Amino acid sequence: MALSPAQLKQYLDEGYLAVEGLLDPQALTPLIREFEAAIDAKARALFEQGQLKNLHAGAPFEKRLALLYRDAEAEAAQELWRVGQGKHHKTAGMFAVWTQPALLDVVEQVIGPEILAHPQFNSRAKLPDQEETVVPWHQDIGYLDRAADDTFMVNFWIPLVDAPMETGALQVIPGSHRWDVLPHERIGIYDGLREENLPSHEVVDCPLKLGGALLIHSRTTHRSVANTSDVARWSLDLRYCDWRQPTGRPDIPGFIVRSAEHPEKVAQSAQDWLTLFAVGKSTLDPYAR
């Protein structure tokens, strides 16, 4: 699915674009099933250890983790939450989402056909009333080495459940991609930007349904608000850039997902992705020439 000229213009002019129905929800199902299986395995282990009172086995994906977290002992609750959180989920389901043609077609419209799945990615499970998942204003580029400041990155926020604002969806500041890379400071557990230090701005809410995606520029200032609902807001942060440009994460490999110049370097499976983390360099390494 390509962006219309009006959509592409908004993304380039405003630094963000919310697109409903960009992905077929069924394309996300294998990844969701992986998360469900991982949560189930951890829950059953904790139940056997007496650290969990109820498995909530019949609860739907968007509610089960929230229910388990509520009923678990403190340490066990954190173990459950960490199952779906971070950068460790390098699986077939995640690879399938990374390489969705609908995403790659959009990226190619913006930066051309030499596309890297950026090493900085996240899966997130934002739980009800969980303060540690309320993320302050920030620019994604602010988390990367300054060598990547001029690398154009197309960043996607992709919910794995319906994400109205009450689930803790994102807010963006239109036009903030034209700001310099601002100095980030420690705010709670995050590096971020204090509201009072920002230039004059407006704020736009970006709720999305399953299958939708929010595109932002790597300099676009954004945040996620509190989850005041009773569900877990599962989501992905995926980024893409030209594999020939600095990523700002020189010690962590990304993998090529599309290339006219070097089609032989395009990763074909999650195993190809994992191979990049093995000792030595794979021939899929975009920097191995």
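# Briefing on cavity, pocket, aromatic and loop features

The largest cavity is lined by K90, W98, A117, H118, P119, F121, I252, P253, G254, F255, W273 and F277. The structure is a predicted model, in which local features need pLDDT of at least 70, side-chain atom pairs count only at pLDDT 80 or more, and totals for chains, interfaces and linings use all residues. Residues are numbered from 1 along each chain as its sequence is written, and side-chain values use heavy atoms, with hydrogens and water left out.

**Cavity and pocket**

- On a 1 Å grid over the protein atoms alone, a cavity is a set of points where a 1.4 Å probe fits but cannot get out; a pocket is an open set with protein on both sides within 12 Å along at least five of seven lines; lining residues have an atom within 4 Å of a point.
- Grid points are joined across faces, edges and corners, and a volume is the space filled by probe spheres set on the points.
- One cavity of 30 Å³ or more is found in a search of the whole structure, and the volume of the largest cavity is about 40 Å³.
- Nine nonpolar, two polar and one charged residue make up the lining of the largest cavity. In this classification Ala, Val, Leu, Ile, Met, Phe, Trp, Tyr, Cys and Pro are nonpolar, Asp, Glu, Lys and Arg are charged, and the others, Gly among them, are polar.
- The largest pocket holds about 540 Å³ of space. Its lining comprises 30 residues, of which N122, R124, V135, Y190 and D237 lie nearest its centre.
- Strand 3, strand 4 (135-138), strand 5 (154-159), strand 11 (222-224) and strand 12 each give two or more residues to the lining of the largest pocket. Helices (H or I, at least four residues) and strands (E, at least two) are DSSP runs, numbered from the N terminus.
- The lining of the largest pocket has 11 nonpolar, nine polar and 10 charged residues.

**Aromatic residues**

- The model contains 10 aromatic pairs. Rings of Phe, Tyr and Trp (its six-membered ring) pair if their centres lie within 6.5 Å; planes under 30 degrees apart count as stacked, over 60 as edge-to-face and the rest as tilted.
- W98 and F255 form an edge-to-face pair, at 5.7 Å centre to centre and with 75° between the planes. This pair links distant parts of the chain, with W98 in helix 5 (residues 92-98) and F255 in strand 13 (residues 255-258), 157 residues apart.
- W98 counts as buried at 0% relative accessibility, and F255 is buried with a relative accessible area of 2%. Buried means under 20% relative accessible area, exposed over 50%, and partly exposed in between (1.4 Å probe, protein chains only).
- One aromatic cluster is formed by F95, W98, F121, F156, Y240, F255 and W273.
- K90 sits over the face of F277, 4.9 Å from the ring centre. A charge sits over a ring if NZ of Lys or CZ of Arg is within 6 Å of the ring centre and within 35 degrees of the ring normal.

**Helices 3 and 4**

- The buried residues of helix 3 (residues 61-71) are F61, R64, L65, A66, L68 and D71. They pack against helix 2 (29-48), helix 4 (74-83), strand 3 (122-126) and strand 12 (233-241), where contact means heavy atoms within 4.5 Å.
- In helix 4, A76, A77, Q78, L80, W81 and V83 are buried. The buried residues of helix 4 pack against helix 2, helix 3 and strand 3.

**Loop residues**

- P119 is placed in the loop between strand 2 (115-117) and strand 3, and P119 is buried with a relative accessible area of 6%. Not counting residues up to four places away in sequence, P119 touches T247, R249, I252, P253 and G254.
- S218 belongs to the loop between strand 10 (213-217) and strand 11, and S218 is buried at a relative accessible area of 1%. Beyond residues up to four places away in sequence, S218 touches Q139, D140, I141, T151, M153 and N155.
- H56 has phi near 45°, a positive value in a residue other than glycine. H56 lies in the loop between helix 2 and helix 3 and is buried, with a relative accessible area of 15%.
- D129, in the loop between strand 3 and strand 4, has phi near 55°, also a positive value in a residue other than glycine. D129 counts as exposed at 65% relative accessibility.
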